[in-house]
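This report goes through selected features of one structure, starting with its sheets and ending with a loop residue. Please keep the sequence and the 3D view at hand while reading.

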Amino acid sequence: MRKLCRKSVLAKWALAGAATLALAACGGAVDETQSGDGEGAIELAEYPDRPYWGDTHLHTDNSVDAFGFGVRLGPEDALKFARGDEVTATTGAQAKLARPLDFLVIADHSDGLGATRRLYDAPRLGVQAMGDETMLRWYDMMHESPQQSQRAIGELIAAAASGDLPEAMSDPEASKEATKEIWETHLDTLDRYNEPGVFTAFGGFEYSLMPGGNNLHRVVMFRDGSDRTKQVLPYPGLSTSPEGLWDYMDGYAEATGGEALAIPHNSNLSNGDMFELTMPDGGPMTAEYARKRARSEPVVEVTQIKGDSETHPFLSPNDEMAGFGVKGWELGNLPLSAKTSNDMLAGNYVRSALKRGISLEEKLGVNPYAFGVIGSTDSHTSLATGDEDNFFGKHTGNEPSVEDRSTAGQNLGTRVGRFGWHYLAGGYAAAWARGNTRAEIFDAFKRREVYATTGPRMTVRLFAGFDFSEEDWDGDWVKRGYNNGVPMGGKLVDKKQAPTFLISALKDPDGANLDRVQIIKGWVDQFDVVREKVYDVVWSDMEGERALQGNRVPKVGDTVNREDASYTNTIGAPELRATWTDPDYKWGQKQAFYYVRVLEIPTPRWTLFDAKRFGITLSPAAMADAVAQERAYSSPVWLTIEPEPEEADSGNDPDAPAIMDKNTDA
Amino acid sequence: MSVNDKARMWLKEPLVHFLIGGALIYTLFAWRGEPVDPASRTIEISRSDRAQLSLGFERMMGRSPTDGELDRQVDRFVREEVLYREALRLGLDGNDGVVRRRLSQKMDLLAAAQAETVQPSDPTLQAWYKAHPERFTDTSRYTLDQAFKSEMGQAKAQIAQLNSMAPRDDWKALSEPISLPASVSQVPRKEVLDRFGEQFLAEIDALKPDEEWQGPVRSGFGFHAVRLLRRDVGEVPPFEDVRGKVENDWRTATIAERKERGYAILREAYTVEIAE
């Protein structure tokens, strides 16, 4: 009886729509180029001719925490937003990217994929029937109010960090069916939005391992379409290990012929555990572990909303520009359940990890930390926004409609000193690829020909070789760069001669001018001491007002109007180029790496835009941090003593150029 | 404790909130469907109701319920039903924000559900494609040469110089060095945006294609002399080439439209009076 009534209403309701009523299951017509890796779908450039921009770290309402924070936008809205459509954010504001992205990895947490949404949607009776009081309490909090919902998720993160999640959430077997359903629907959606040559939608997830609250998270990204990715489920982070994840990835490659890679992030919140000198159990690192790690994790996310992990002033006391995005985050691990001490910092930051990598290579013959770098958002709003003037917050609880979001405390450790203004606007990833397909961009990640920015879209080129000169700039220097050297991410074998670099940094066409370009060198000297040095290579007006004073580059100045949250491009340069030879190279130095850091002139941070928009006064501490020099980090080039023995690898050669012919054959 | 006090206590109990929520959906269906007296004191549990309860248990626990467990589910169901009808008699369904929001979301989901899984026919999609050609139009493509100067005055002088050059002269040598392509051919609109920025694209769109050098065109870098050789306005590709795109677009729009039309139909029945 009741059923009948229900149907009749349903029919009326459905008839409100004009479309045909058929009962077939969801499938969707997607042509083959959309459902695969896109190889052969479009015409490729001869060599990577432009950077493609993306975010590899976006959460939607399928993430346990994002949903709890209040986001109600799903993957579909996330994809639409990233490719440039206007969407309505959860809190009601219209949101659109001024410049669409080229690619997106939706990285929802594998643990409890869709679980909070399922919990929220479940009948309370059912939740009660599970007999778990914690789940029931979270359920009620989530339904009570947005504030309570965020509190519930705060508890949930803390429970995940301390290993106290209710069994129903942490037991992967229990939720396998539900996960499978969400995963497969999600992969279908990705295929529908993946458009080779126009917009790339990668399959992926976030692996959220967090022992004791120490952040060991990775984003996993697949090269392939749903025909392959449907053969696996996202790998759970709770009560597993990174080696388990790498085995899972190898297993995937073997079973499907596809490829996956993992991108560690927020090493700054790992209390030294992300880039250890030892094995996770404290024993000496083995070459096998190092090789496996380097192969599985070719790229690290160096900057995002929850801070920047390049380096810390304690580790790089001679680097005037160190410390961007460090405040607040340096206090402790992710939920601030344990404080960070100075001896942990070397395992927390990327520059020191690169240094550890080359010193480990001296001992093991293989570098576990030979990675490139990218930036991303880690936004939990389904909106991949990395721009300071379009910041949609870390999560829905601090979208722009929340006026005091810059001064308010955070869910993660407020009482101990983390505040809203510590959040960065989030970064982006740039990939040097020959075209916009899954295969091309994934392979750029694999060979580390990628770079990070803290949001602005600067174009950064780096080539290393032994016979570059100033004259190269007159001709087709990019082609010469590829033919006579290696691009960022590459390895150069030492020829008892100082390496020379072609470096070009072009400003974001719609952003701020550039202050300077620096090279950061790390090396093991002849006495086995690991060292680092920052070189100012080229800067604006370097022949004029900013001529060297002693050996210091005068500051670029500051045009930011604090009241108006504006700046002018009357200082700085649109492009900075240099041919640079390492002045400190000595034969006898051992492994070395070089990467580029590009600094913009000072510009307002999102906090200053907020202060203007809402007419609020920032606290003195927040105000002191309201103007910053946004930056780009290139992936390093390594100068190695011996060529590494060729490794039998099923995938594409990570050191592809020579101009890309190897890749074409693959 | 009076009946009223008890009722007030119940009101604060989240369980009651939820019961009311679930209940209200049923009532809504009941009221709008065939005539079932919401105040009836007969509760019927059909076989299919039992099957439904069993399935719900299975989804949650990953296995079928035992007979005893199923009986308990039925007991709970009956309890819920009794309390919900009583709650309605007490008029507890009004003025609860949580219940209201949940129910309205459910209604939206119901309206959208069909469109999310339906397999549209070709005629439906073709009609959609014909009705919205602009959504499937290829991007505009640009073919242009540009020479760069960082100062306005120099850029103006450069244009005059370029226009008086012989065709074989090396015009590229006049440009100040900058890592931008001097010539692009048939590049999509987005690539012009990505490489040259918003201002450049806006100014280029105001120019007419011509063999002559025009400008200076402003960009975030400085000033450009531009020879806009072609601007190909995108055309609508044949239906077969964009069927997937059409279906995707149709689905998205249909979901949104159903929610709105469904709401409109219901909304029609109401008069809303807002006090000044």
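This is a predicted model: local features need pLDDT of at least 70, side-chain atom pairs count only at pLDDT 80 or more; totals for chains, interfaces and linings use all residues.

Which residue in β11(A) is the bridge partner of A:V300? The partner is A:V373.

**A mixed sheet in chain A**

Strands β10, β9 and β11 of chain A form an open sheet, in that order, and the pairing is mixed. At its edges are β10 (307-308) and β11 (372-375), each of which pairs on one side only. Strand β9, residues 299-304, runs parallel to β11(A), and four bridges link the two. In general, strands of a sheet pair through backbone hydrogen bonds, in either the parallel or the antiparallel sense.

**An antiparallel sheet in chain A**

A further open sheet has three strands in the order β6-β7-β8 of chain A, with antiparallel pairing. Here β6 (204-207) and β8 are the edge strands, and each has a single partner strand, so one side of each lacks a neighbour in the sheet. On average, neighbouring strands are turned by 20 degrees against each other, with direction ignored.

Four bridges connect β6(A) with β7(A), and one of the pairs is A:G204 with its bridge partner A:M221 in β7(A). On the other pairing, β7 (residues 218-222) and β8(A) are joined antiparallel by five bridges. There, A:V219 faces A:I263 of β8(A).

Why is β8(A), residues 260-264, described as largely enclosed by the rest of the structure? The reason is that five of its five residues are buried. In a regular strand, side chains alternate between the two faces of the sheet. In β8(A), A:A260, A:A262 and A:P264 point one way, while A:L261 and A:I263 point the other way, and all are buried.

**Nonpolar cores**

The largest nonpolar core contains 134 residues. A:M221, the partner of A:G204, is among the residues with the most contacts inside this core, together with A:L104, A:A431, A:V450 and A:Y451. Strand β21 of chain A, residues 592-600, supplies the largest share of the core, namely seven residues.

A second, separate core has 21 residues, including B:L180, B:F200, B:F223 and B:V226.

What does A:Y451 touch, leaving aside residues up to four places away in sequence? Its contacts are A:V373, A:I374, A:A430, A:V460, A:M488, A:A632, A:Y633, A:S634 and A:S635.

**A covered helix in chain A**

Helix α4 of chain A, residues 75-82, is mostly covered, with seven of its eight residues buried. The buried ones are A:P75, A:E76, A:D77, A:A78, A:L79, A:F81 and A:A82. Just after this helix, A:G84 has a positive phi of about 115 degrees.

Two packed helices are described by the angle and the distance between their axes.

| Helix pair | Axis distance | Angle |
|---|---|---|
| α8(B) (189-196) and α9(B) (198-205) | within 7 Å | roughly 130 degrees |
| α6(B) (122-131) and α10(B) (243-268) | 10 Å | about 85 degrees |

The contact brings B:V192, B:L193 and B:F196 of α8(B) against B:E198, B:F200, B:L201 and B:I204 of α9(B). By class, this contact has six nonpolar, no polar and one charged residues. B:F200 of α9(B) is also included in the second core.

The other pair, α6(B) and α10(B), counts as roughly perpendicular, because angles from 65 to 115 degrees are classed that way. In this pair, B:L125, B:W128 and B:Y129 of α6(B) meet B:R243, B:V246, B:E247 and B:W250 of α10(B). By class, there are five nonpolar, no polar and two charged residues in the contact.

**A loop residue**

Is A:H422 buried or exposed? A:H422 counts as buried, because it has 24 C-beta neighbours inside 10 Å, and 20 or more are needed for that label. The residue sits in the loop between β11 and β12 (428-433) of chain A. Leaving out residues up to four places away in sequence, A:H422 touches A:K327, A:G328 and A:W329. The C-alpha atom of A:H422 is separated by 33 Å from that of A:G282, which is 140 residues apart from it along the chain.

Note on methods: Residues are numbered from 1 along each chain as its sequence is written. Chains are lettered from A and ligands numbered from 1 in the order in which they are written. A nonpolar core is a set of buried Ala, Val, Leu, Ile, Met, Phe, Trp, Tyr and Cys residues joined through C-beta atoms within 7 Å. A residue is buried if 20 or more other C-beta atoms lie within 10 Å of its own, exposed if 12 or fewer, and partly exposed in between; C-beta atoms are placed from the backbone. Two residues are in contact if their C-beta atoms, placed from the backbone, lie within 7 Å. Two strands pair if DSSP finds at least two bridges between them. Axes are lines fitted to C-alpha atoms, for helices over the stretch in contact, and angles run from 0 to 180 degrees between N-to-C directions. Ala, Val, Leu, Ile, Met, Phe, Trp, Tyr, Cys and Pro count as nonpolar, Asp, Glu, Lys and Arg as charged, and the others, Gly among them, as polar. Angles under 35 degrees count as roughly parallel, over 145 as roughly antiparallel, 65 to 115 as roughly perpendicular and the rest as oblique.
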